[in-house]
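Subject: The structure we talked about

Hi,

Here is the structure I promised to send over. Have a look at it first, and then read on for my notes.

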Amino acid sequence: MATCENEMGMHAHRKLKLLVVDDDPNTRALLRDALEIRGAEVRASASVREAADAFRTWQPDVLISDIGMPVDDGYELIRRLRDAPTEPGRRTPVIACTSHAAADDRERALNAGFDALIAKPIDLDLLVDTIVHFTTLGASGGRDAAGDAVASLRAVGSGAGGRGRSAPDS
C-alpha cells in the first residue's frame with residue numbers, strides 16, 4: 001500500500017486539484033478528508049455560487065458535485081461551467097454525486113454535461129476510480145504527468161467496496 005503523500009501523486013509536479021460541491025457539511029468534510037488522505041488538494045464549496053467562484057479562480061482538475069442542492073442545484077452549476085469560455089482543449093471533468101440515481105436521472109445528468117454519476121451514499125472506491133479514469137484520459141500510454149499524478153491513487157481506492165459499481169461514462 002502506498003503512503004498517504006503519494007496516493008493522488010503529483011500532477012505535473014503538483015497535487016491533483018479537486019473541487020467538491022455539496023450543501024451537506026458532513027458530506028463535504030467526508031469527501032475532503034478522504035481525498036486529501038489520498039494526496040489531493042481539495043477545496044469544498046457549499047453552494048453553486050461558491051463553486052463557480054472557486055472554479056474560475058482555482059481551476060480544479062476535477063469537479064465533484066451534488067445535484068440536489070437548495071437555491072441553485074447541480075444542473076445550474078454544470079450549465080454555468082459548460083457555458084463559460086475555457087482555454088482551447090481544456091474541459092474539466094465533472095462527476096455528479098446524488099441520491100437520485102435511477103436510469104433516467106443518470107441520462108439527464110449526462111445530457112446536462114456531467115461526465116459521470118455516482119449514487120449516494122458515495123462509494124469512495126468508485127469515486128477514486130472515476131477520478132483516476134478522467135485524469136488519465138488522453139495520457140500517452142497512460143503514464144505521463146497526469147498518469148503519474150494518480151497512478152497510486154488506485155492502491156488505496158481499490159478496496160473491497162464496490163457495491164453497485166459502474167464504469168465511468170467517457
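This is a predicted model: local features need pLDDT of at least 70, side-chain atom pairs count only at pLDDT 80 or more; totals for chains, interfaces and linings use all residues.

Below is what I found, going from the overall layout to a few individual residues.

The overall layout

The protein has seven helices and five strands. Of the 170 residues, 45% are buried. If you take the contacts with a separation of 6 or more, 69% of them join residues 24 or more positions apart.

Helix 2 against helix 3

Two packed helices are described by the angle between their axes and the distance between the axes. Here, helix 2 covers residues 48-58 and helix 3 covers residues 74-83, and their axes come within 10 Å and cross at roughly 25°. Because angles under 35 degrees count as roughly parallel, helix 2 is roughly parallel to helix 3. The crossing is right-handed.

Which residues make the contact? On the helix 2 side they are Val-48, Arg-49, Ala-51, Ala-52 and Phe-55, and on the helix 3 side Glu-76, Leu-77, Arg-80 and Leu-81. Sorted by type, that contact has six nonpolar residues, three charged ones and no polar ones.

Staying with helix 3, have a look at Tyr-75. The count of aromatic pairs comes to one, and Tyr-75 forms it with Phe-114. The arrangement is edge-to-face, with the ring centres 6.1 Å apart and 80° between the planes. Tyr-75 sits in helix 3, while Phe-114 is in the loop between helix 4 (103-112) and strand 5 (116-119), so the pair ties together parts that are 39 residues apart in sequence. Are these two residues buried or exposed? Both Tyr-75 and Phe-114 are buried.

Most residues other than glycine have a negative phi, and most peptide bonds are trans.

- Pro-121 is in the loop between strand 5 and helix 5 (124-136).
- Gln-59: phi is positive, near 50°, and the residue is not a glycine. Gln-59 belongs to the loop between helix 2 and strand 3 (62-66). Its relative accessibility is 41%, so Gln-59 counts as partly exposed.
- Val-71: here too phi is positive, about 65°, in a residue that is not a glycine. You will find Val-71 in the loop between strand 3 and helix 3. With 86% relative accessibility, Val-71 counts as exposed.

One more pair of positions

Lys-15 is in the segment before strand 1 (17-21). How far is Lys-15 from Ala-40, in sequence and in space? The two are 25 residues apart in sequence, and their C-alpha atoms are 5.5 Å apart. Lys-15 has 40% relative accessibility and therefore counts as partly exposed.

Cheers

Technical notes:
Residues are numbered from 1 along each chain as its sequence is written. Side-chain values use heavy atoms; hydrogens and water are left out. Axes are lines fitted to C-alpha atoms, for helices over the stretch in contact, and angles run from 0 to 180 degrees between N-to-C directions. Helices (H or I, at least four residues) and strands (E, at least two) are DSSP runs, numbered from the N terminus. Angles under 35 degrees count as roughly parallel, over 145 as roughly antiparallel, 65 to 115 as roughly perpendicular and the rest as oblique. A crossing is left-handed if the near helix is turned anticlockwise from the far one by less than a right angle, and right-handed if clockwise. Contact means heavy atoms within 4.5 Å. Ala, Val, Leu, Ile, Met, Phe, Trp, Tyr, Cys and Pro count as nonpolar, Asp, Glu, Lys and Arg as charged, and the others, Gly among them, as polar. Rings of Phe, Tyr and Trp (its six-membered ring) pair if their centres lie within 6.5 Å; planes under 30 degrees apart count as stacked, over 60 as edge-to-face and the rest as tilted. Buried means under 20% relative accessible area, exposed over 50%, partly exposed in between (1.4 Å probe, protein chains only).
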